[in-house]
Structures are given as structure tokens and as C-alpha cells.
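Reader: I have a structure to look at and would like to learn how to read it feature by feature. Could we begin with the charged side chains?

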Amino acid sequence: MEGQKDSEPRRPATARAVALAHLLHQECKNLLELYKEREHFLSPHIPDGERLLIFDLYTDTPSSEQRVGHAHSALSRCLEMLECLIAREVEELGEEFEGEYETARNTVKNRLGHLLHSTGALLENGEGVCEPLPEFHCVQGMDEVEGTGSFAAKLWTYRVLLELTHWSDMAAHALRLLHSERANEQEL
């Protein structure tokens with residue numbers, strides 16, 4: 001069995017990153033569904049299409065590296081927001097509760113960290129990397145939702161999960177494009 005593993009061709013880093021991004025996207029969609037089930041009263045209050053994270057691409061036709069860098073920057077901010085909402089949820093509950101939602105949330109957090117590491121390695125030469133983002137403070141996130149109290153916090157959590165789902169999908173598309181381009185370059 002081990003000899004068989006050695007004879008298998010090693011998948012390129014871009015292919016592994018694409019697979020990881022697709023897996024993360026599926027897990028983000030699952031996490032969002034679990035949150036909607038847990039907070040079923042949110043359905044009539046679903047926020048409109050406004051994004052929490054808006055990044056300008058520098059050109060009208062960004063390269064695949066720029067698209068990956070763009071997604072990497074957005075996902076970095078998503079991780080910061082996810083860490084804030086986890087801390088807030090743990091604080092509200094008093095201790096870490098381990099239900100299906102919490103397990104999925106921690107899986108998304110860990111997988112997101114791995115994807116950020118992978119995309120960072122792909123962009124190691126600095127090509128496509130967006131400008132550094134300003135430092136994020138948890139209070140900023142709550143400013144994005146009107147109102148105060150637990151309902152506003154729940155809406156903010158919902159919007160963060162929407163961002164995670166959106167940007168993990170954007171990362172999967174950008175990485176697939178980058179993988180295709182690099183595979184074509186290797187064939188030439």
C-alpha cells in the first residue's frame with residue numbers, strides 16, 4: 001500500500017487549494033443552514049444583498065493571481081470576523097457548547113486557516129496580493145448591523161456566515177482559474 005502511494009503522481013498545490021476551497025464552501029453553506037435552523041426567527045429578517053466586505057480590484061480584467069489575492073484578503077477578514085463571533089458566542093453561553101453548529105463552526109474556522117495558508121503559499125512571490133487591510137476590531141463588526149442587543153448580534157453573525165459562504169465560493173472559482181492557467185503553462 002505504501003509503495004502504491006509513492007507511485008501516485010503528486011497533485012499540484014493549486015489543485016489541492018481548489019479542492020480545499022470547494023470543501024470549505026460546502027462546509028460554509030452547511031454552517032449557514034445550521035445557523036438558520038438554530039435561529040429560525042431570522043428568516044423574515046434576512047439582510048438585503050449588501051456585503052460586509054467590499055474590495056476594489058485594481059483593474060477591469062484582473063489576473064487569476066489578483067483574483068486569488070483578492071479572495072485571500074477577504075477570507076483573512078472573514079477569519080477575523082469568525083473569531084470575533086466565536087468569542088462572543090462563547091461569552092454569551094458562558095462556556096463552549098459542543099453541538100452540531102459549534103462543531104461545524106470550528107471545522108470552518110480550521111479549514112479557513114488551512115486555505116489561507118495554502119493561498120498565501122501560492123501567492124508567495126507577492127503577485128496578486130491586495131494591499132494590507134486595516135486592523136479589525138470586533139466592535140467594528142457590530143457597527144455593520146443596525147441596533148443593539150442579541151438580535152443585532154444574531155443578524156451580524158448571519159451576515160458573517162453569508163460573507164464566508166460568498167468568499168469561499170469566490171476563492172474556489174479564482175483558484176480553479178489559476179490552476180487551469182498553470183496547468184496550461186506546464187503543458188507548453
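Author: We can begin with the term itself: a salt bridge is a side-chain nitrogen of Lys or Arg within 4 Å of a carboxyl oxygen of Asp or Glu. Before we apply it, note that this is a predicted model, in which local features need pLDDT of at least 70 and side-chain atom pairs count only at pLDDT 80 or more, while totals for chains, interfaces and linings use all residues. Residues are numbered from 1 along each chain as its sequence is written, and side-chain values use heavy atoms, with hydrogens and water left out.

Reader: How many salt bridges does the rule give here?

Author: The count comes to eight salt bridges. One of them joins Glu33 and Lys36, whose closest N and O atoms are 3.1 Å apart.

Reader: Where do Glu33 and Lys36 lie?

Author: For this we need the helix rule: helices (H or I, at least four residues) and strands (E, at least two) are DSSP runs, numbered from the N terminus. Glu33 and Lys36 both belong to helix H2, residues 13–38, and they are three residues apart, about one turn of the helix.

Reader: Which salt bridge links distant parts of the chain?

Author: Look at Arg105 and Glu89, which form a salt bridge with their closest N and O atoms 2.4 Å apart. This pair links distant parts of the chain, since Arg105 is in helix H4 (residues 100–122) and Glu89 is in helix H3, 16 residues apart. Arg105 counts as buried at 2% relative accessibility, and Glu89 counts as buried at 5%. Through salt bridges that share partners, Arg38, Glu39, Glu89, Glu102, Arg105 and Lys154 are joined into one network.

Reader: How many helices and strands does the protein chain have?

Author: There are six helices and zero strands. Of the 188 residues in the chain, 41% count as buried.

Reader: Which residues have the most contacts inside the largest nonpolar core?

Author: A nonpolar core is a set of buried Ala, Val, Leu, Ile, Met, Phe, Trp, Tyr and Cys residues joined through side-chain atoms within 4.5 Å. The largest one here has 40 residues, and those with the most contacts inside it are Leu115, Leu164 and Leu175. H2, H3, H4 and helix H6 (149–187) each supply at least two residues of this core.

Reader: What is Leu115 in contact with?

Author: Contact means heavy atoms within 4.5 Å. Leaving aside neighbours within four places in sequence, Leu115 is in contact with Ala17, Leu20, Ala21, Leu24, Leu75, Ala171 and Leu175. His25, which has its place in helix H2, counts as buried at 11% relative accessibility. Not counting residues up to four places away in sequence, His25 touches Thr165, Ser168 and Asp169.

Reader: What share of contacts joins residues at least 24 apart?

Author: Among contacts between residues at least 6 apart in sequence, 83% join residues at least 24 apart. A separate example, judged by C-alpha distance, is Ala183 and Thr14, which are 169 residues apart in sequence and 9.2 Å apart in space. Ala183 lies in helix H6 and is partly exposed at 27% relative accessibility.

Reader: How many disulfides are there?

Author: A disulfide is a covalent bond between the sulfur atoms of two cysteines. The working rule asks for a pair of cysteine sulfur atoms within 2.5 Å, and by it the count comes to zero disulfides. Cys28 is in no disulfide, as the nearest cysteine sulfur, that of Cys78, is 8.1 Å away. Cys28 is buried, with a relative accessible area of 2%, and Cys78 counts as buried at 0%.

Terms used: Buried means under 20% relative accessible area, exposed over 50%, partly exposed in between (1.4 Å probe, protein chains only).
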